[in-house]
Amino acid sequence: MENSIVIYNTLTRKKEVFKPLVEGKVGLYVCGPTVYSNSHLGHARPNITFDLLFRYLTFLGNKVRYVRNITDVGHLENEAEETGEDKIAKKARLEQIEPMEVVQKYMNTFHKNMEMLNVLPPSIEPRASGHIIEQQQMIEAILKNGFGYEVNGSVYFDVEKYNQKYNYGKLSGRNLDDIRTNTRELEGQSEKKNSFDFALWKKATPEHIMRWPSKWSDGFPGWHLECSVMSTKYLGEKFDIHGGGMDLTFPHHECEIAQSTASQGEEAVRYWMHNNMITINGQKMARSLGNFITLDELFTGSHKILTQAYSPMTIRFFILQAHYRSTIDFSNEALQASEKGLERLMTAVKTLSNLTASEKSTVDISSLKEKCFSALNDDINSPIAIAHLFDGVKTINSIKAGNEKISAEDLAELKSFYNSMVFDVLGFKEEQTSGSGDNAVLGKSIELLLTLRNEAKANKDWGTADKIRDELNEIGIEIKDTKDGADWAIK
RNA sequence: GGUCUCUUGGCCGAGUGGCUAGGCAGCGGUCUGCAAAACCGCGUACGGCGGUUCGAAUCCGCCAGAGACCUCCA
């Protein structure tokens, strides 16, 4: 099987065959979160999207170095512009704690949430605050090449000058004239030659807590610098893939391109990938819009618009059931559909492990495999891959029902395929709520009740049997009678 | 206002010139003491109006509606 995969490159607005710079090795950088509050559903999207990419590239035999940063320096906030206060410092004052304490707290939550979603940790997770010196070095390189200027201890990027030699706006499809006429004049920008110039180093005002010494001033690095610096530091001056949310395309990624090009003379990134947004009532879910649901709220069902809790794997399935470049609209109905769908898939995986082989097959395993892989090869089309897996579910169930037959070799192949696809590549995991496992006391108690119920059933004492079933149901434990006896699950 | 994107059956969501994904819900059935669960089967949809074509949900134009970016954002 050939594994030439195709990726939609935002830079060219086309699908391109992906060829890593070095055969068998892939450098992947993804913009991570700014850790100043709890992670919400929107954050799950890029992390799951690029987790899938990371997993699949690895599965195909590549050695992938996946770098995902933590922004713990804080970007300037709109209303805080005049004071030069940043998000993290602002939150710190609000909660009367150290900025780094805020960072630690929300970084911990982020990590915990990601682990629950079965998002693999990246190979390197650099923090902006740990790369102040490198950021200063890049500023110096930009200044040396004549694409920056210093004013009152702050350093700005000279977009006009840059655009004379290179093309500012190539990623987001803008040209400088459009930007010139459409950029809003903001307060406190008088230092800049042009409103579209952006800060590389910002002098800290007295009340600004997060600050570092530099030759220009005590201050902090500009908004876009950390990604340019940390990506090239760990992946090289030229690397394969840079990912992130679509909302970062402009200005963040545009500025990254400008910074890298201005400092080293050529672009760093070969393929730009952008995931689309999660919407709620048709509108983008965002921290700034206040219409977000945190991951913890989803997992516990504690947000007022949620009719129930949704497990991490349900969220993961929900996200992977849509293509990463489409928007997905949040709704209880959609999440419930995902919950059911995932359950059907996972049940089939269990069924598969207990199937018995026949002399020969009446089913076509290799065609199923090929369809799944070609879906993933086509710009990581997870919904199509999942659809084919569901076709396989039908096959698995038909084999179990005796309508189809499978040979021992095919069965082994099908098992191995589902294991790698469902668990290794798509990254689902069992979320066991029933019998076995952690709560042995509960499990044994329920087994006892089920034994009593079976005895009652054997005596045709339907009253007692139904009472046990119904009252357990009231408590929140569902009894499922199967041919092989009763099974149970916490609802 | 500028740039860009989207509009698919009850809901979610793929596809992108002919071969009419998939999930959920619904309906019918199998199983079961009953119920639930599970399993099997069933649905010809592509915003409107024109055009190109032997043929369009898919290409082009216009209209309508929604959204994203232009400011921190995943």
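Analyst: This is a predicted model, and the questions below test some of its labels.

User: Why is cysteine 255 called buried?

Analyst: Its relative accessible area is 1%. Buried means under 20%, so cysteine 255 qualifies. Cysteine 372 has a relative accessible area of 0%, so cysteine 372 is buried too.

User: What makes strands β9 and β10 a pair?

Analyst: Six bridges join β9 (residues 239-245) to β10, and the two run parallel. Pairing takes at least two bridges, so they count as paired. In one of the links, glycine 243 has methionine 273 of β10 as its bridge partner.

User: Why is β10 called mostly covered?

Analyst: Strand β10 spans residues 269-275, and six of its seven residues are buried. Each of those six is under the 20% cut-off.

User: Which residues touch the most other members of the largest nonpolar core?

Analyst: They are Phe157, Ile241, Leu298 and Tyr418, in a core of 127 residues. Helix α1 (residues 41-59) gives the most to this core, with nine residues. Domain 1 (6-275) and domain 2 (279-425) each supply at least three.

User: What does isoleucine 241 touch?

Analyst: Leaving out residues up to four places away in sequence, its contacts include Phe18, Leu53, Tyr271 and Met273.

How values were computed: Residues numbered from 1 in each chain as written. Chains lettered and ligands numbered in written order. Predicted model: local features only at pLDDT ≥ 70, side-chain atom pairs only at ≥ 80, totals over all residues. Heavy atoms only, no water. Buried < 20%, exposed > 50% of the residue type's maximum accessible area, 1.4 Å probe, protein only. Helix = DSSP H or I, 4+ residues; strand = E, 2+ residues; numbered from the N terminus. Core = buried A, V, L, I, M, F, W, Y, C linked by side-chain atoms within 4.5 Å. Domains from an automatic or database assignment. Contact = heavy atoms within 4.5 Å.
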